[in-house]
Amino acid sequence: MIEIVNLRHRAGEFRLTVDLTIAGDEYFVLLGKTGCGKTLLLECLSGLRRCDEGTSIKINGRDITLAEPRERSIGYVPQEGALFSHLNVHENIAFALRVAHVSKKDIGTQVIQIADLLGIAHLLNRAVKGLSGGERQRVALARALIRKPSMLLLDEPVSALDETTRDAVCKELLKIQREMKIPVVHVCHSLDEATMLADRVAIMRAGSIVQTGTLDTLFRFPRDEYVARMMRIDNILSGDLSARGNLSVNGFELSEKPVNGSRQFIINPHLVRVTKSNAPVRMGSNVMRGTVREMHRRGPVTGIVVEGPLVLTLFARPDEIEDMGVAKGKELSVAFPGQAIHMLKEGGISPPNPPQGDLEGIDRENIHRL
Amino acid sequence: MSKKAFPILFSIPLAILTGAIALIIVADISYVHKSDIVSTLLSRDIITSMILTLETSAITTLISVIIAIPSAYALSRFKFPGAIVLDTLIDLLIVVPVLVVGVSILVFFRMGFLLESSPFLPAALAGKVIQWLADVFIYQRAGIVLAQFFCSVPFAVRVIKSTFDDMSPRTEHVAQTLGCSRMQAFFRVSLPLARQGIFAGAVLAWARAFGLFGPISIVAGAVRQKTEVLSTSIFLEISIGQLERGIALSLLMVAIASLILLALRIGSGRTLFGGNVQV
Amino acid sequence: MRRDLRFCFTAIVAGSIALSLSLGVSAEEKKPQSEILVHCAAGMRKPIEFCAKKFEDSLGIRVELSYDGSNRLLGQILLTHKGDVYVCGDAEYADSAKAKGLVDKMATICLFTPVILVKKGNPHKILSMTDLTKPGLKIGQGDEKSAAVGKIIPKLLSLNTVDAGMWKKNVVLITPTVTELGNAVKLGTVDAVIVWNSIALGYKDVAEIVPIAQNVTATVEAVVLTTSADKTAASEFLDFLKSQSGRKIFTDAGYDATKDK
């Protein structure tokens, strides 16, 4: 288990403030745009940068806040692998063992073991120059894992790879994490990677963590607009109050009331459905009549954008679309349940370190998994 | 511009440059008489001078590189206020005329004599130390190395520093997470990766030391058979009007330098006829 | 890989130790009873070299010779305060050294006379200093401030009633030491130079000497320095230079070492 309490670090004008707890067998993804401090955080965790007073970092109960990088038992794979170009693949992987003066025989065995695990045993005698992107990353991983560290830190490990390779490497990352049973902190800016790998995700912005939770939680109950956009939620709306005190957009009244003075909310697109009902629409019933403005493929499903008093996106499979006869320009009705509506906290940057578990009662996830 | 025009255009300045150098060498060769070359090259004085030149330039290169590597690393990696000042100080050694370097060294040693008679005890002690150093270097062979060193080391630092500048610190970081202390990371990763740059710096430093004259004659004197290096020999021959012998010696230096530079280049992996051999 | 590095490292260290030792050893092996350091003006090299050898052979005192221009040598001596004998190409330097308290003993060891040196065949038919003021000629002379052979120029001009203005017009080369002037004639960059007769003799294959009608004499002084660590040996060298054998060497080399001082 990794306990990060009050980690603070200043780099010029930039401030890093993080509190995080990661379970011992968790694949944890840190999602954030470039410049949000993800790499800085990894460098602080690995001991390459010294944190400010008051920071506490513990791995499995052992306090490593002031420890040197080599004492922390951490595997670190920086962006682009940073392989040692003066050594071949075998020597790269064996590096940590040689520093620890492990016997040559043992080195040989262990290198082959980890190379097999990562499927790179056939590359052992190759020079680093001339390896493909995927091969380089695998070598970097093998190198980081050979001493069986207590934690694996990955900085955008697959960002530079083409999609097929990326998928393959991600599969392997998951496999390794499950087999070696170590916590992984994987930093990236791609929601797809998070979707493929994460047990839990933290959204990071300007040096602090905005929200933490499973992907499902973050998708259904994003904290604010920033998180909603990171999760690629389509229906982010802003409304007023109706006469009855409900949320209302362009005169269209919804069934829910705003919470805590915020007028921003999302409507979960996965809960929006096309209805066949032709009955007149009641106000506050969450049924809207509109025209199909456009349709776009999103992987296995198609997104339908319906324009009425609100602009709503919903998803349907191609066969469903055919059945319903949905096409561009067609008029139809869509409906959604009240629980599809989720209020967002207004105001861009959230205060640092929102205490986990206390997100105005909306957060329903239990963070401390042991 | 036709396809061939670009390489031709860029080859012209190169041709002019190398052509001029070749022409000067050819002119030198045609100026000397065969008899001059033989008599000059076989004289005992010259052989001693040549061996001394090779020895001192080699030692200077070694010392320069040993000092330049950590200095360049510190300048490149450590961020501290005043780094720019230190950088400039080293560049000053290149900018300032070599003669001034030589004279300044003598002036420094003179200070030792003046300090020695100071009533202030630490100053007097420092003076004594400097005096002792003066006896070690002035008009002695060690003085040759001293003068060569101050003129060679800034080049080595420049080249090696830019090598470290181009090296991403990430590789050193990874080495640290894999169990290295900073020192170990330096020796196991940074140094091997900087191989090429260090070698280039060493070649430059050697070339400088080999061809240096002014400050050597000032600090170590131009003492026949003792502190006479090849450049000094050339000076002495020309100073009595023996231009032919002077030129013959210059050609000797050109020949030795060509051999060594070519050997070093091939040794570092480039073949004689173009192209790179992977080492 | 590390094994290679280690090997290289050891090789380099061993090599450098060997080199340093050889440097030190070759300097050490010739340490006889005593030795003196003679700072010698470059122009006096030939005769002094012979004298030094003879002196070494007969008295067993090793002579180390350091050559440079007279003024640079003086500067060095001032800074290093090392050296036993100073042979300078003009009495003026000796006087300067005296003024700076560096002179223990002084003696004139030979005389210099300035001459005109022209290219062999004397294509411009130069027969006197006045001839050198012919327009279009290129003259080289020593620097009147720093070269002994330059300092005498004004006197020569006035003695031989040469128009100083016209002379200056033809001067294209001014050198800090005398030796570069001879080379200039040899290489053909000038038509004529004013150098010492002894220097001129070294160029007799490629140049001609034209005597100067009204002439001056410069004395070459040898000085025992106060910075000398072995004044006895230094004085003995000085005596040798003044002696019969010394004078013979000078004369053989074409330097004027007549008895009068």
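**Close-up views of a predicted three-chain model**

**View 1. The open sheet of chain A.** Five strands of chain A, in the order β16-β20-β17-β18-β19, make up an open sheet with antiparallel pairing. From one strand to the next the twist averages 50°. Helices (H or I, at least four residues) and strands (E, at least two) are DSSP runs numbered from the N terminus, and two strands pair if DSSP finds at least two bridges between them. Angles, from 0 to 180 degrees, are taken between N-to-C directions of axes, which are lines fitted to C-alpha atoms (for helices, over the stretch in contact). The model is predicted: local features need pLDDT of at least 70 and side-chain atom pairs count only at pLDDT 80 or more, whereas totals for chains, interfaces and linings use all residues. Residues are numbered from 1 along each chain as its sequence is written, and chains are lettered from A and ligands numbered from 1 in the order in which they are written.

**View 2. Strand β18 of chain A and Val306(A).** Strand β18 (residues 301-307) of chain A is joined to the antiparallel β19(A) by six bridges. Opposite Thr302(A) stands Ala316(A) of β19(A). Val306(A) also belongs to β18 of chain A. Val306(A) is buried, because 25 other C-beta atoms lie within 10 Å; the cut-offs are 20 or more for buried, 12 or fewer for exposed and partly exposed in between, with C-beta atoms placed from the backbone. Leaving out residues up to four places away in sequence, Val306(A) touches residues including Leu312(A), Leu332(A) and Val334(A). A contact requires C-beta atoms, placed from the backbone, within 7 Å.

**View 3. The largest nonpolar core.** This core has 234 residues, and Val38(C), Val85(C), Leu117(C), Val195(C) and Phe237(C) have the most contacts inside it. Helix α7 (residues 141-165) of chain B supplies the largest share, 15 residues. A nonpolar core is a set of buried Ala, Val, Leu, Ile, Met, Phe, Trp, Tyr and Cys residues joined through C-beta atoms within 7 Å. Among the residues that Val85(C) touches, not counting those up to four places away in sequence, are Ile36(C), Ala222(C) and Leu238(C).

**View 4. Chain C against chain B.** Here 29 residues of chain C contact 26 residues of chain B. On the chain C side, α1(C) gives the most, with eight residues.

Key. Contact = placed C-beta atoms within 7 Å.
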